[in-house]
Amino acid sequence: MDYLVVLQNLRESLPQWITAALAFISEATLYVLPVVVAVFYWCIDKNFGESAMISLSLGNLVSNFLKNIFCVYRPWVRDPRIHVAEAAKSGAGGYSFPSGHSAAAGSVYGSILERYGKKTWVKVFCIAMLILVPFSRMFLGCHTIWDVAFGMGLGLFSVTAGGPFARWADKSVKNALIFSALSLVLCAVLLAITEMKAYPMDLTAEGMLLVDPEDMKPSVYSAAGILCGWAVGWPLEKKLVDFDLPVSGKEAVLRGVCGVAVFLVVFLCMKRIGAGLSRKADQFLRYFVLIFVLSVLYPAAFKAVSERKFKKKSEA
């Protein structure tokens, strides 16, 4: 843990804006990159969006599941010298190993690097992010080097495994349905293990649980909801919608902006609906519906609008 103390001393000696910037880069990995992948899927490169979504959802599910399997406490729990940065405290609860932020960065930036890495600026940017995100998690006091190394490795492995799997599933509706069935079974098995396994019940000096397992299980449900939403929505899109990419830059921008608006509206609506459910049911349902809408319902809507416009022009 000595290296984390060194990074902590460095953090406390530097201007606050540096810590804030690294915290932003770190959090954007979880909350911005999924939207970026969706925009690629709708507007720029559909095949890449499909592949990146599979890699991201698989990496996210496995990383959250492994947190609940290994139950490794955060650095500041294991070493009282460590203090998490205030800017990162809200997103650094629960267990530590592996780093979900690093896994997400590996999944998405690794996918971009694999697809567009021939462009120098893309390669430089992606490599920089693949270094900065795990470094930021240690700099902020959230993770050890083993947490981020394993998380990054998991993310990059999801690109290596998920990319070819996505391309195979994209070849036919039958393959997509096989992918769907395997994904649903995987989610069911991992959720069952999450519920049935034993958890450490260590207490603080005040008699409180260091980490309450019931606070950690919902993260696996949300990750399963993402993968299940994609596993159900994607084959339906291929079979019933099969949208094409925009033919103009203006149409692509409009589709992307409207898609982000739909993303926010659905997320907020599901958050309100889920208020009356258990946390686990809320997390699963919220992300299942969100991804289902973004994968098939929103594409069906913008395809219908495009076809209507085309029909009017043809009749004019």
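Me: Helices (H or I, at least four residues) and strands (E, at least two) are DSSP runs, numbered from the N terminus. With that in hand, where is the place of Ser-55?

Reply: Ser-55 has its place in helix α4. A quick note before we go on: this is a predicted model, in which local features need pLDDT of at least 70 and side-chain atom pairs count only at pLDDT 80 or more, while totals for chains, interfaces and linings use all residues. Residues are numbered from 1 along each chain as its sequence is written, and side-chain values use heavy atoms, with hydrogens and water left out.

Me: Why is Ser-55 called buried?

Reply: Buried means under 20% relative accessible area, exposed means over 50%, and partly exposed is in between (1.4 Å probe, protein chains only). Ser-55 has a relative accessible area of 0%, so it is buried. Leaving aside neighbours within four places in sequence, its contacts (heavy atoms within 4.5 Å) include Ser-107, Ser-111 and Gly-162.

Me: What makes Phe-70 and Phe-97 an aromatic pair, and of which kind?

Reply: A pair of aromatic rings is described by the distance of the centres and the angle of the planes. Rings of Phe, Tyr and Trp (its six-membered ring) pair if their centres lie within 6.5 Å; planes under 30 degrees apart count as stacked, over 60 as edge-to-face and the rest as tilted. A search of the whole structure finds 20 aromatic pairs. For Phe-70 and Phe-97 the values are 5.3 Å centre to centre and 85° between the planes, so this is an edge-to-face pair. It links distant parts of the chain: Phe-70 belongs to helix α4 (residues 46-70), and Phe-97 to the loop between α5 (75-78) and α6 (100-116), 27 residues apart.

Me: Are Phe-70 and Phe-97 buried or exposed?

Reply: Phe-70 is partly exposed because its relative accessible area is 45%, whereas Phe-97, at 14%, counts as buried.

Me: Which kind of pair do Phe-165 and Trp-168 form?

Reply: Their centres are 5.7 Å apart with 10° between the planes, so the pair is stacked. Both residues lie in helix α8 (residues 145-169), three residues apart, about one turn of the helix. Phe-165, at 25% relative accessibility, is partly exposed, and so is Trp-168, at 31%. Both also belong to one aromatic cluster, with Trp-42 and Phe-179 among its other members.

Me: How do you know that Lys-197 lies over the face of Tyr-199?

Reply: A charge sits over a ring if NZ of Lys or CZ of Arg is within 6 Å of the ring centre and within 35 degrees of the ring normal. Lys-197 is at 4.0 Å from the ring centre of Tyr-199. The charged end of Arg-286 likewise sits over the ring of Phe-267, 5.3 Å from its centre.

Me: Why is α10 called largely enclosed?

Reply: Of its 29 residues, 23 are buried, so α10 is largely enclosed by the rest of the structure. Helix α10 (residues 213-241) reaches 41 Å from its first C-alpha to its last, close to the expected 42 Å, where the expected span is 1.5 Å times one less than the number of residues.
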